[in-house]
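I began with a record annotation and then turned to the coordinates.

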Amino acid sequence: MTSSPLYTSLKELTLSGVSVGYDKEAVVKDVSFQLSEGQIGCLLGPSGCGKSTLLRAIAGFESLMTGEIRIDGEIISNPSHSVNPEHRYIGMVFQDIALFPHLTIAQNIAFGLSAWQKNLIEERVAYLLDLVGLAGFQSRYPHSLSGGQQQRVALARAIAPKPKLLLMDEPFSGLDAKLREELVPDIRRILQHEKMSALLVTHDQMEAFAMADQVSVMDSGEVHQTGSPYQIYHRPETRFVASFIGHGDFLTATVCGSNCVHSDLGNIRGELDHGFADNEQVDLLVRPDDILHDDDSEFVGVIVSKWFRGSHFLYRVKLSSGKVVYCFASSHHNHSVGQEIGLSVHLDHLVMFSR
Amino acid sequence: MADLAPLSVASKFKWNWLKIVAMMIAAILALPILVVLVNVLIGDGEVWQHLYQTVLAEYISNSILLMLGVGIGVLLIGVPFAWLTSMCNFPGRTFFSWALLLPMAMPAYIIAYTYTGVLDFAGPVQTFIREFTGWRYGEYWFFEIRSLGGAMVMLTLVLYPYVYLMSRAAFLEQSENTLEVSRTLGYSGRAVFFKLALPLARPAIVTGLTLALMETLADYGTVQYFSVNTFTTGILRTFYGFGDIAAASQLAGVLLLFVAVLILLERRSRHRIRYHASGLKKASNRRMVLKGGRGLLATLFCSLPILVGFFIPVIVLAYWAMFKAEMPGSNFIQLAWNSFYLAAIASLIVVSLALVLSYAIRLNNGKTVKASVGVAGLGYALPGTIIAIGTIVPLAWLDHRIIDLVKHYNGERVGLLFSGTLVALLFAYSVRFMAVSLGAVQNGLGKIKPSMDMAGRSLGMSPFKVLVRVHVPLLKGSVLTAMLIVFVDVLKELPATLVLRPFNFNTLAVRAFELASDERLVDAAPASLMIVLVGLVPVILLSRSISSRTGY
């Protein structure tokens with residue numbers, strides 16, 4: 001073999017109706033989504049939602065109860081048939097990093113290259129060490145590296161055989177915040193440079209937004225919504241997605257027209273029809289950046305608490321109805337707790353759920 | 001997150017045979033206990049009556065007194081020295097922190113022979129006293145070593161390291177913050193020890209104590225030599241002297257009751273250790289410095305148990321072996337060879353079985369497998385005498401069935417295939433030493449995280465390749481350690497070997513016991529010395545792992 005036999009990049013990963021479980025109890029229920037060439041996808045959800053299980057099913061470490069997983073149209077998993085993990089050409093980075101402690105950094109990276117020619121291996125290892133910024137570390141052992149460095153080696157090891165798809169299971173959870181901030185854009189850069197499709201599992205939405213082109217929000221084993229980070233944040237399709245992603249409150253509101261609702265903060269109009277019937281009672285999602293401090297407004301609220309965030313203040317404001325909402329104000333609008341301030345709502349699209 | 005370790009989906013089903021094999025191993029290893037239990041339950045009322053009227057009271061009271069004495073002794077030595085070496089600094093502390101383990105290399109029966117030779121009437125100490133003072137026999141009082149008290153002292157000297165080891169680890173685990181908080185709340189150093197450090201370490205201390213007491217109950221060589229009638233001596237006398245298997249099993253059953261209490265106590269305290277370790281900043285980085293006289297006193301104090309429990313007996317044994325004993329000839333080489341190959345085969349078998357059991361747990365992770373492995377590891381608490389009885393009864397039964405069967409079909413006579421051969425011995429060793437080897441192997445396997453298996457698979461390795469390229473190199477050390485520990489334990493083991501060895505088959509331990517029983521203490525020295533020296537190897541290994549773990 002002259003080079004990797006696997007050097008064809010992923011065209012499409014397709015999951016349709018996938019359920020995974022232990023002892024007949026489904027941990028992942030009826031999940032479907034697609035990931036296309038060069039994209040970085042993300043499974044985002046609270047711990048225990050089944051996202052890691054789903055990732056392991058894609059890698060081939062869990063069997064399916066229903067549904068199928070295809071890579072480029074070819075079935076790699078269904079309830080009766082499962083391609084062994086070593087024949088899937090899928091790389092994986094693990095939460096606990098899992099470098100082999102008895103091998104040097106170079107040997108770790110070359111672990112998946114045993115079928116390659118010797119000079120090609122050396123070339124590939126040197127290239128990857130350089131790519132992850134660890135040139136010169138080849139003969140060190142994992143224990144002598146910092147957490148961030150180990151994570152880079154784990155990434156290099158996983159992408160060394162040029163897998164069709166890279167899976168990452170909470171790859172940054174063991175690292176401190178500062179390191180994570182450095183590493184996330186780094187890894188995104190490396191993946192884009194290698195034109196590698198990847199699927200990331202995380203419970204941290206900032207991580208998801210920073211890394212992913214496409215986010216699937218999961219809860220209790222189900223995918224609630226798949227979309228771009230922007231869509232997920234601004235156009236949540238379920239109540240769970242709306243409350244899990246970002247800060248926000250639900251205002252009680254009554255529908256008063258095809259693109260209008262009436263709430264504690266007056267009549268609010270969106271740009272598009274919302275599809276609810278007139279006079280229907282709904283919950284309207286308002287984000288902190290939707291409610292602005294406005295001294296001219298007829299609507300007022302009393303400040304209950306506040307956080308100074310440098311560039312802005314984040315207030316909790318109690319409305320006349322007793323409902324408490326977030327409100328952003330620029331940092332020169334310094335008000336004290338107990339003070340009454342005017343509020344106005346700026347919403348382009350209405351996110352509503354029937355009560 | 002579900003904690004799953006299967007090598008692959010498909011292999012979940014393939015590996016089921018491993019589960020079945022593991023359960024079979026566990027069932028076979030549990031056989032001796034079952035046999036003893038069944039014999040107790042179906043026991044003959046008359047035998048009971050007889051035992052009750054004659055010997056039972058003495059066995060019970062002696063065994064309890066022995067446990068009491070040894071218990072107090074090991075606590076008094078183990079805990080203070082653990083505190084000294086973990087919390088204080090004084091000249092020679094680093095040396096003492098591992099050297100205090102040295103007596104572990106010394107089997108109780110060997111230290112007993114040595115001190116008897118030194119301290120009894122004809123020994124050098126009393127001879128010197130008589131020559132020096134001119135007193136004669138009966139005109140002075142001297143400690144009678146061949147007594148219950150003597151047995152307590154001998155067992156204490158070699159068993160205190162269990163308490164020392166466990167409590168030292170506990171003291172080192174204690175968070176410096178906890179100790180400092182109590183100082184800021186107005187406790188003096190001494191109050192901190194009694195109000196905080198000691199209670200926090202209590203589960204660990206109890207664990208060490210129960211291990212020492214299990215060894216006390218299991219001891220045969222010492223009490224037999226000192227003519228102290230306990231369960232172990234009673235069981236073997238009933239079995240050998242009177243050939244009364246039923247009565248021997250009944251006694252073994254009562255002994256089992258004692259052991260069961262200890263096991264429960266040990267399990268409970270091990271469980272509680274987990275809650276007591278805070279896992280925060282460790283205390284060991286700031287030790288109390290003992291200056292001048294106090295430091296010297298600590299040094300002197302620490303050297304006592306090492307001298308009495310190890311160096312003096314070893315020097316005496318070496319002196320006897322070199323200058324006074326019969327020159328060891330080909331007979332001795334034969335003995336050593338017997339011991340070595342027996343121990344080597346046993347360690348191979350035991351560690352192989354432990355590997356199978358450990359992988360069964362790792363790959364199945366079910367309750368049934370875990371429970372079976374728990375049962376398989378129970379033998380560590382069982383005295384060799386119980387295991388011997390529990391081994392010979394079913395094997396002899398099996399042999400006689402085979403003999404009958406062959407005679408019925410062929411008319412030929414075959415010998416005892418199992419009970420009269422090394423098979424019985426190897427089986428008994430497997431029961432007795434499965435736990436130690438399981439511990440070492442599982443410890444090593446635990447360091448290979450399941451994600452490493454998955455990493456290997458996702459990098460294109462088959463399960464077999466993962467085994468060869470990841471598991472074998474990472475597991476090598478633990479497996480060798482396990483084999484070494486079993487090897488040495490088999491070499492030292494006395495009662496089971498005594499009962500189960502084939503006719504005319506002797507080992508170093510058995511020969512030392514026989515010579516000592518014939519009052520040829522000096523001639524027993526070469527064999528004894530050999531056992532002690534080989535026994536040193538795992539102790540050194542253990543002490544090295546302690547010093548590397550704490551970074552000192």
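Predicted model: local features only at pLDDT ≥ 70, side-chain atom pairs only at ≥ 80, totals over all residues.

**Entry 1: annotation on chain A.** I looked up the UniProt record, an unreviewed entry, which places the feature "domain: ABC transporter" at residues 13–245 of chain A.

**Entry 2: confidence.** Chain A averages a pLDDT of 88, and 98% of the residues score at least 70. I marked residues 1–6 of chain A, where pLDDT stays under 50. For residues 1–6 of chain A the model has 12 contacts beyond four places in sequence.

**Entry 3: the sheet in chain A.** I traced an open sheet of five strands in chain A, with the order 2-1-4-5-6 and antiparallel pairing. I recorded strand 2 (25–36) and strand 6 (81–82) of chain A as the edge strands, since each pairs on one side only. Helix 1 (residues 51–59) of chain A packs on this sheet. I listed its contacts as strand 1 (12–22), strand 2, strand 4 and strand 5 of chain A. The direction of helix 1 makes about 65° with that of strand 2 of chain A.

**Entry 4: strand pairings.** I went through the pairings one at a time. Strand 1 and strand 2 of chain A pair in the antiparallel sense over eight bridges. The hairpin of strand 1 and strand 2 of chain A has two residues between the strands, and Asp23(A) takes a positive phi near 50° there. Strand 1 of chain A also pairs with strand 4 of chain A, in the antiparallel sense, over six bridges. I used Val20(A) as a reference point: Val20(A) stands opposite Val28(A) in strand 2 of chain A, and opposite Leu64(A) in strand 4 of chain A. Strand 4 (residues 64–71) and strand 5 (residues 74–78) of chain A pair in the antiparallel sense over three bridges. I identified Glu74(A), in strand 5 of chain A, as the bridge partner of Ile71(A).

**Entry 5: annotation on chain B.** I then read the UniProt annotation "domain: ABC transmembrane type-1", from an unreviewed entry, which covers residues 60–266 and 336–542 of chain B.

**Entry 6: helix 5 and helix 11 of chain B.** How do the axes of helix 5 and helix 11 of chain B cross? I found that the axes of helix 5 (residues 56–87) and helix 11 (residues 189–218) of chain B come within 9 Å and cross at roughly 135°. Helix 5 and helix 11 of chain B are therefore oblique to each other. Helix 5 of chain B passes helix 11 of chain B in a right-handed crossing. The contact residues I noted include Gly71(B), Gly78(B) and Trp83(B) of helix 5 of chain B, and Phe193(B), Gly208(B) and Ala212(B) of helix 11 of chain B.

**Entry 7: helix 2 and helix 17 of chain B.** I examined a further pair. The axes of helix 2 (residues 16–29) and helix 17 (residues 367–376) of chain B come within 8 Å and cross at roughly 30°. Helix 2 and helix 17 of chain B are therefore roughly parallel to each other. I recorded their crossing as left-handed. Among the contact residues are Lys19(B), Met23(B) and Leu29(B) of helix 2 of chain B, and Thr368(B), Ser372(B) and Ala376(B) of helix 17 of chain B.

Terms used:
Residues numbered from 1 in each chain as written. Chains lettered and ligands numbered in written order. Pairing = 2+ DSSP bridges. Helix = DSSP H or I, 4+ residues; strand = E, 2+ residues; numbered from the N terminus. Contact = placed C-beta atoms within 7 Å. Axes fitted to C-alpha atoms, helices over the stretch in contact; angles between N-to-C directions. UniProt positions renumbered as here; feature names shortened; annotations may be inferred. pLDDT = per-residue confidence, 0-100. Parallel < 35°, antiparallel > 145°, perpendicular 65-115°, else oblique. Left-handed = near helix turned anticlockwise from the far one by under 90°.
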